[in-house]
Every structure is written in structure tokens, then in C-alpha cells.
Amino acid sequence: MSRILIVPGLFGSGEGHWQHYWLQDHSDVRLVEQSDWDFPNLGSWMDGLEVALEEAGEAYLVAHSLGCLLAARLAGRPAARRVKGALLVAPCDIPATERLHAGRLSFGTMPTEALPFPSITIGSLNDVYMSLDRLTMFGRLWNSEVRNIGLAGHINVASGYGRWPSGYGFLETLKTRARHRRPQRISTAIAASV
């Protein structure tokens, strides 16, 4: 059975956040710990995610906000082969996040590579961290299915999302897609060189 790794965003996912409840609700769910939730650094956060993936063997990622961008940064990295699928909930847009939390981020630019694993990106009509147009654009770039759940804000405690049981349905959809996914073909040139 594949483990589920919870990947929070800026400031972590404290008490009352749906990710916090998911950690309590299931024995196969683990938190990707970070050394500094308040001043995230892409390099150290990526190290933490890659270590967690190595320990898990293979896992589904359930990411929120800045954690979604960390998951998207796995594209092109060896650790991506350990990801069965990713549920990306309310990804943040770096320019908007830097405006809202000046001086907090060291996360570079927005990731734009297609993800090598199945993913579902969940967003809303009124998220101050990412407009619906930008969500749709990045979902397309990441080759991710985008789901708009309406007036849900940033899908966090401040938006009224505590336990968020309907989120489990999105995770089950992702797992079904991952199970029915065709293995990627190896190109003839690569196969000939092996």
C-alpha cells in the first residue's frame, strides 16, 4: 500500500486545518516536516520532500498552497519516480504570495514543467493566492486535471475548511487514475542505448 505524504505550505498546516485532520484520521498518512515553516527555502524544503519520498518508497502527495509548488518542482527530478500521484489543493502564485507575505519566500519562479505523475489541481473562484485564470494556466502547464470548487477561498481554516471530508473523494479519484495509468513508453533512442 502506498503511503500518503502531507505537504503543507507557508506557515505549515496547524490545528484546525484539513491537512492536520487528515494526519489524525489515517495511519498511512505522514507529514513532510520542514525546518522553517515561516521562511520557506526551496532547496531545504525540496530536501525534506525527497527524504520523505525515499523513506516512503512510493507515495501519493497531498499538497496545499506553497506545498503544491514544491510538488510541482519534482518534475525532472529523480524523486518524481516515487510519486504515485499528487492532489494539489489551492496552489499559490508566487507573485501574489510575495505581495501578501513580503520577505518570507525564497522559492524562485513558478514551476512550469509537465508533471510525470497523475495529478488533480483543486482551486476556487475567490482565492487571493491564485486567480482562476492563473490556476487554469498552470494546471495546463503541469498536465494536471483542474477542478474549480466554487467560492472556497484558499481552502483553509480561514475559508471555513476544517476537516474537509469531500477532499477524500478527490484523493480516491486520483488513486483510481493512478491505478489505471498506462506505463510511459521508453523512446526507441533511449531503449537502444540501454
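**Exercise 1. Tyr60: buried or exposed?**

Solution. Tyr60 has 5% relative accessibility, so it counts as buried. The cut-offs are under 20% relative accessible area for buried, over 50% for exposed, and partly exposed in between (1.4 Å probe, protein chains only). Now place the residue. Tyr60 sits in strand β3, residues 59-64. Strands (E, at least two residues) and helices (H or I, at least four) are DSSP runs, numbered from the N terminus.

A word on the model: it is predicted, so local features need pLDDT of at least 70, side-chain atom pairs count only at pLDDT 80 or more, and totals for chains, interfaces and linings use all residues. Residues are numbered from 1 along each chain as its sequence is written, and side-chain values use heavy atoms, with hydrogens and water left out.

**Exercise 2. Find which residues Tyr60 is in contact with, leaving aside its neighbours within four places in sequence.**

Solution. Contact means heavy atoms within 4.5 Å. Tyr60 then touches Ser2, Arg3, Ile4, Leu5, Lys84, Gly85, Leu174, Lys175 and Ala178.

**Exercise 3. Take Lys175 from that list. Describe its salt bridge with Glu172.**

Solution. A salt bridge is a side-chain nitrogen of Lys or Arg within 4 Å of a carboxyl oxygen of Asp or Glu. Step one: the Lys175 and Glu172 side chains meet at 3.8 Å, N to O. Step two: both lie in helix α6, three residues apart, so about one helical turn separates them. Step three: check accessibility. Lys175 is buried at 14%. Glu172 is partly exposed at 41%.

**Exercise 4. How many salt bridges does a search of the whole structure find? Locate the one between Asp25 and Arg163.**

Solution. The search finds seven. Asp25 and Arg163 pair at 2.6 Å, N to O. This pair links distant parts of the chain, 138 residues apart: Asp25 is in helix α1 (residues 18-25), and Arg163 is in the loop between β6 (145-148) and α6 (166-179). Asp25 is partly exposed at 33%. Arg163 is also partly exposed, at 37%.

**Exercise 5. Name the pair that joins helix α2 to the loop between α3 and β4.**

Solution. Start with the side chains: Glu50 and Arg77 form a salt bridge of 2.7 Å, N to O. Glu50 lies in helix α2 (residues 42-56). Arg77 lies in the loop between α3 (66-72) and β4 (83-89), 27 residues from Glu50. Arg77 is partly exposed, at 35% relative accessibility.
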